[in-house]
Amino acid sequence: MSGPSLTRDAVLDALREIEDPEVGTGIVDLGLIYDVSISQDGFVTVEMTTTTRFCPASGFLAEAVKMRVEALEGVSEAQVRLVYDPPWSPEMAELFSL
């Protein structure tokens, strides 16, 4: 069963450190993570996209996300689904003020 610390925010926090190698910005900040769902047994599904449909780093990014999520306490398994609808655009990036 998933622990109390296994939340959508905890998953997103863990993914913030993964950078898109072509852009040099975190995938969460870029808006590449579309959805995170967590089942009662700790199975986590992450729906994400890449900056372009045929991004050469898509396999690397999906594997990095899977490994990072599976390292979280309470996660039994992670699945990453690459989706391209809606297509990513720069407007999807989160804006942070210092």
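Contact is taken here to mean heavy atoms within 4.5 Å. The structure described is a predicted model. By this criterion, and with neighbours within four places in sequence left aside, Thr 51 is in contact with Asp 20, Glu 22, Val 23, Leu 32 and Trp 88. Thr 51 is situated in the loop between β2 and α2. Its relative accessibility is 17%, and residues under 20% are classed as buried; Thr 51 therefore counts as buried.

The packing of the helices was examined next. Helix α1, comprising residues 8–15, packs with helix α2, comprising residues 58–70, at an angle of about 125 degrees, and the two axes lie 9 Å apart. Because of this angle, α1 is oblique to α2. The crossing of the two helices is right-handed. On the α1 side, the contact is made by Val 11, Ala 14 and Leu 15, while α2 contributes Val 65, Arg 68 and Val 69. Of the residues in this contact, five are nonpolar and one is charged, with no polar residue present.

Most peptide bonds are trans. The bond that joins Asp 85 and Pro 86, however, is cis, with an omega of about 5 degrees. Pro 86 belongs to the segment after β3 (77–82). With a relative accessibility of 42%, Pro 86 counts as partly exposed, a class that extends from the 20% limit for buried residues to the 50% limit above which residues are exposed. Not counting residues up to four places away in sequence, Pro 86 touches Tyr 34 and Met 92. The C-alpha atom of Pro 86 is separated by 8.8 Å from that of Thr 49, although the two residues are 37 residues apart along the chain.

Conventions. Residues are numbered from 1 along each chain as its sequence is written. This is a predicted model: local features need pLDDT of at least 70, side-chain atom pairs count only at pLDDT 80 or more; totals for chains, interfaces and linings use all residues. Side-chain values use heavy atoms; hydrogens and water are left out. Axes are lines fitted to C-alpha atoms, for helices over the stretch in contact, and angles run from 0 to 180 degrees between N-to-C directions. Helices (H or I, at least four residues) and strands (E, at least two) are DSSP runs, numbered from the N terminus. Angles under 35 degrees count as roughly parallel, over 145 as roughly antiparallel, 65 to 115 as roughly perpendicular and the rest as oblique. A crossing is left-handed if the near helix is turned anticlockwise from the far one by less than a right angle, and right-handed if clockwise. Ala, Val, Leu, Ile, Met, Phe, Trp, Tyr, Cys and Pro count as nonpolar, Asp, Glu, Lys and Arg as charged, and the others, Gly among them, as polar. Buried means under 20% relative accessible area, exposed over 50%, partly exposed in between (1.4 Å probe, protein chains only).
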